[in-house]
Amino acid sequence: MASRTASKDIITLRGSAAIVSEYFGYASNSILYNRGVYPEESFKKVKKYGLTMLLTEDEGVKTFISNLTAQLAEWLETGKLQRVVLVIMSKASGEVLERWNFSIETDSEVVEKGVSREKSDKEIMREIQAIMRQIASSITYLPCLEEPCVFDVLAYTDTDVAVPFTWIESDPKLIANPQMVKLHSFDTKIHKVDTLVSYKNDDEWDES
Amino acid sequence: MKIIFIPLLSDVLRWKLDDFLALLPFQLIGIQEFLFPSLQTREVLDSMTKVGEIQARLKQMEVALDAAELEKREADNEAVLAKEKAESSKSEIKRIELKLASVMEERDRLKNVIEAFRKQKSVESGHEVVSGAVLQELEASLAKKENCIKELESYLSEQKEVNIRQLNEIKFLNEKLNNEARRIKSLEREGDGLRSQIALMESKLGHGDYSSANTKVLRMVNTLGVENEAKQTIEALQKELQKTKEQLLAVQELKEQSADAGAMVDSYISGKIMKLKEQIATLEKREERYKTVFADRISVFRRACCELFGYKIVMDDHQRPDGIAVTRFMLQSIYALSDDEKLEFEYESGNTNIVTNKYTSQPEISQQVDIFIRRMNSIPAFTANLTVESFNKRTLS
């Protein structure tokens, strides 16, 4: 009986939060690389999710993303994080060009009762791998970012969340009448993450 | 010729003494005569009679013999016939035996066939064939088969009924199916509608909509883009500062050179201030005067209203708990019997409403409020009626 229990793939709230926040880190890096927000040469290759992923070597960005994932993990453990949005904006005008939307559904029973769930790590990794492939291939349909861009990260949280020192309340930085592409989802059985990219509707392309 | 008659043993046993004597030969007659000399003649006669009788009997016997011979012949014939019959019976038996053999063969053959049938039958319907004589078996089998046929026929008719029932059922189900198909279509349409609604909701969600009631949006302070800009800005500001410092030095130098000009500017400004203060004092006096005039005119207006309509009117402004400003009017009839007889009204953006107080909640007044204000929607009628009533009370008392 004991050996059977040991062979099961148990996932806890903390473990799930770690997987999801790590996913945000890698996904952010991948988006910044593929969308050319930071120069190609500032990224290094690493193996992750059975793929070759790219991670920034820019100290500023690296610190930013590590602080981000730490905070997200904390919120994920409380079940108060509803959505994370990576916004890509024009550096010159501040206009929002792309919104990478990660919606999160948390199993409230796990948060309230502290129970665990069963899902194999391998399966979760396979699901994340599929999303990473989609992010990499998104450059085929997303409009070219022809001007220098910057990014911001928004977090949609429950209203009773205390605002951390490095965060401020913000407007949702929406795109008027955007195009949307839904990507695959992944589910740790505790957190379900839906990824969706919305981008500025390019009328010129529509007409041609 | 002398016929020697040899009697049959059965006849001999029946004979009497006379019969034996009659058989004695003629040579023995002398002996009789010797022995019995007195009775000779009569006895001869008797003997002659007896001979005659014996001869007659002989004749009868001969006839009987002939008849027996005939019978024997007939019996022989019959025996031959019987033999022949036996022969034919034998052949018949043989034929029958052959027939039996062939029948047995046939039986065995049929048995095999029956076995085969039985096997086949047992597979098909599980019926069992009763063992026994072939014919019986066959008959039984036939009877069974007939029964079976009957059963099958009844089964067939039952099946026909069932088929008809099923046909009806199928028709009914077809109708149901059509209904279901229609329903499915309508559900599909509904589904499409819901899908489009979902798409709309998803698009809203994807767009980033949220309810501020249970969600707040936070942004991580991002200095990545700003840092470079800030450096540039600081550099620009430092340059600007340097420039300003230089300009300030230049101005100070210039000021030192033209100190007299500065004094002139100061006296000009103080003169200007004096003038403005005088203007203010004049305007304040004018305001006071206007206030006095307005107060007088208002007093006249109030008095006139009191004379004309019979009520002293006091007006003041209030702010309700919800923050809305209202003007309150307090009316007291000049014919009032006591100071408590006051009517209160609230005036707010063109609407005047009576405020219930101790006086207006008295049954008599409350009734009038109900009739004139609530039903007839006329405050003037109410106040006029109250004026007349108060006047009557005052004058009558």
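Tutor: A crossing of two helices is right-handed if the near helix is turned clockwise from the far one by less than a right angle, and left-handed if it is turned anticlockwise. Helices here are DSSP runs of H or I with at least four residues, numbered from the N terminus. This is a predicted model, in which local features need pLDDT of at least 70 and side-chain atom pairs count only at pLDDT 80 or more, while totals for chains, interfaces and linings use all residues. Residues are numbered from 1 along each chain as its sequence is written, chains are lettered from A and ligands numbered from 1 in the order in which they are written, and side-chain values use heavy atoms, with hydrogens and water left out.

Student: Is the crossing of H2(A) and H3(A) left-handed or right-handed?

Tutor: The crossing of H2(A) with H3(A) is right-handed. Helix H3 covers residues 59-78 of chain A, and its axis lies 8 Å from that of H2(A), at an angle of about 150°; axes are lines fitted to C-alpha atoms over the stretch in contact, and angles run from 0 to 180 degrees between N-to-C directions. H2(A) is therefore roughly antiparallel to H3(A), a label for angles over 145 degrees, whereas under 35 is roughly parallel, 65 to 115 roughly perpendicular and the rest oblique.

Student: Which residues make the contact?

Tutor: Contact means heavy atoms within 4.5 Å. Among the residues involved are Val20(A), Phe24(A) and Leu32(A) of H2(A), together with Ile65(A), Leu68(A) and Leu72(A) of H3(A). By class, this contact of H2(A) with H3(A) holds 11 nonpolar, five polar and two charged residues, where Ala, Val, Leu, Ile, Met, Phe, Trp, Tyr, Cys and Pro count as nonpolar, Asp, Glu, Lys and Arg as charged, and the others, Gly among them, as polar.

Student: At what angle do H2(A) and H5(A) pack?

Tutor: Helix H2 (residues 13-34) and helix H5 (residues 121-137), both of chain A, pack at about 20°, with their axes 10 Å apart. The two helices are therefore roughly parallel to each other, and H2(A) passes H5(A) in a right-handed crossing. Tyr23(A) and Ile31(A) of H2(A), and Ile128(A) and Met132(A) of H5(A), are included in the contact, whose residues divide into 12 nonpolar, two polar and one charged.

Student: How do the axes of H8(B) and H9(B) cross?

Tutor: The axis of helix H8 (residues 363-375) of chain B comes within 8 Å of that of H9(B), crossing at roughly 145°, and this crossing is right-handed. Residues including Val369(B) and Phe372(B) in H8(B) meet residues including Phe382(B) and Leu386(B) in H9(B), and the contact has eight nonpolar, two polar and three charged residues.
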